[in-house]
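Me: I am new to this structure. Could you show me how to read a helix and an interface?

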Protein chains: 2
Amino acid sequence: MESVLTEAVALLDEAGAPALTFRALAQRLGGGVASIYWYVESKDELLDRATDHVVGTVLADIEKAAPGDDPIDDLRAMAMTLFDAIVDRPWLGAYFMRNTDLQSNSLRLYEKLGRQTLRLKLDARQRFHAVSAIVGVVVGSAVDMGQEPPQEILDGAVDREEYLGRFASAWRELDPAEYPFIHEIVDEFDGHDDVDQFRSALDLTLAGLRLQAGA
Amino acid sequence: MESVLTEAVALLDEAGAPALTFRALAQRLGGGVASIYWYVESKDELLDRATDHVVGTVLADIEKAAPGDDPIDDLRAMAMTLFDAIVDRPWLGAYFMRNTDLQSNSLRLYEKLGRQTLRLKLDARQRFHAVSAIVGVVVGSAVDMGQEPPQEILDGAVDREEYLGRFASAWRELDPAEYPFIHEIVDEFDGHDDVDQFRSALDLTLAGLRLQAGA
DNA sequence: ACCTGAACACCGTTCAAGT
DNA sequence: ACCTGAACACCGTTCAAGT
């Protein structure tokens, strides 16, 4: 079982979600396709368990960091750790927190995040919504990122800079009267950093939360 | 072409993303499978064009609403309209804003949102990040929602209330000492409304943005 | 308890050929 | 310019059978 998950994660890491097929996995394990069904009921379950397997390592990273004075700063640090893990493994974004039933580490991570909100002056509903919002920012940014590389970039034929630049050029061709905002931000878009973008989104949410908690 | 997209959207609406196959679509159009390839180069392109097709209607809804005094309130209204559209069509969440090259209505929507930030005291980078954050909240909540129904609920065998209740019961069984946050919010989770959850996340982001803009 | 080969019912995509 | 039938190379999943 352990090796099924390890090899599944290895396939996902090497070439993303489409690379994880029962046939490829079976070949790597040196067995038949049907064997995998002894460990797992379906591909969905395989994905859930593989996801939870790596969330376990994220959770360990998060637990290493000592809790600080400010719960919101702790929330920020935890969200950043989680986001970093998704940057390393873009496939994670799509499956993370999909099924807390099968993903017990995800549930623990959810609890870990939520515990920080217990230190804030909020009611139960506000706490529930706050954690949902933070997870939403992570997943939203991750999804945005995970879908970005359109195979050219994975092949190494085109790097990220050139890929963004191509979009930027197309945008600069647009009529400035009709697309004033696009022209306003095209230089920011060109060569932008996903992590910056994520941090800004997270900080807006956390600023709103701090305001709400009166802290 | 128009009818290809209309029927594709119809299939997606009726039974979600897995229902849209070239064979099912061809049958509906009363033709052969290969015909579709005259209009579209791949399934990805079909999905992008179908998505942009419905984003066009969302855009029309958004343009109907008159601009108000407060740009942030306008941003909220636009985001809510967008979210409502995704509630009606959960499959949208996964493809929305995936490719602004093929999705010209999505680009226009992005511009529409961004134009509100031009009315705020922000620099270009802040504006870029603000719109990304808002789109991120929408997509993040939409993804969370879109993956929720695990077929039982689609079959009508189990309604949403019961589905949530089942999770809530499992959570109530957890050790309160180990999962204090889960116990804090389990009653909120039970029977919660996705729209409430989304609105809260959006409001946190917008509160942060208002603070940043000093408005 | 654990694994297998072979089949089943699907997919997206291609291609030579038709009007 | 538009459409087709038939094939190709895959999928996830099942099942009877093996150790």
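Reply: Start with a helix end. B:Ser42 caps the N-terminal end of α4(B), with a side-chain oxygen 3.4 Å from the backbone nitrogen of B:Asp44. Helices here are DSSP runs (H or I, at least four residues), numbered from the N terminus. This is a predicted model: local features need pLDDT of at least 70, and side-chain atom pairs count only at pLDDT 80 or more, while totals for chains, interfaces and linings use all residues. Residues are numbered from 1 along each chain as its sequence is written, chains are lettered from A in the order in which they are written, and side-chain values use heavy atoms, without hydrogens and water.

Me: What should helix α4 of chain B span?

Reply: The expected span is 1.5 Å times one less than the number of residues. For the 22 residues of α4 (residues 43-64) of chain B that gives 32 Å, and the end C-alpha atoms are 32 Å apart, which agrees.

Me: Which residues of α4(B) are buried?

Reply: Buried means under 20% relative accessible area (1.4 Å probe, protein chains only). Among them are B:Leu46, B:Val54, B:Val58 and B:Ile62. The buried residues of α4(B) pack against elements of chain B including α1 (2-15), α5 (71-88) and α7.

Me: How is the size of an interface given?

Reply: Often as the accessible area lost when the parts come together. Here the area is taken with a 1.4 Å probe and summed over both parts. Chain B and chain A bury about 4500 Å², 68% of it on carbon and sulfur atoms. B:Phe128, B:Phe181 and B:Leu204 supply 16% of the area that chain B buries against chain A, more than any other three residues.

Methods
Buried area is the accessible area (1.4 Å probe) that two parts lose on being put together, summed over both. Helices (H or I, at least four residues) and strands (E, at least two) are DSSP runs, numbered from the N terminus. Buried means under 20% relative accessible area, exposed over 50%, partly exposed in between (1.4 Å probe, protein chains only). Contact means heavy atoms within 4.5 Å. A polar contact is a pair of N or O atoms within 3.5 Å; within protein, one must be able to donate a hydrogen and the other to accept it, and residues adjacent in sequence count only if both atoms are side-chain atoms.
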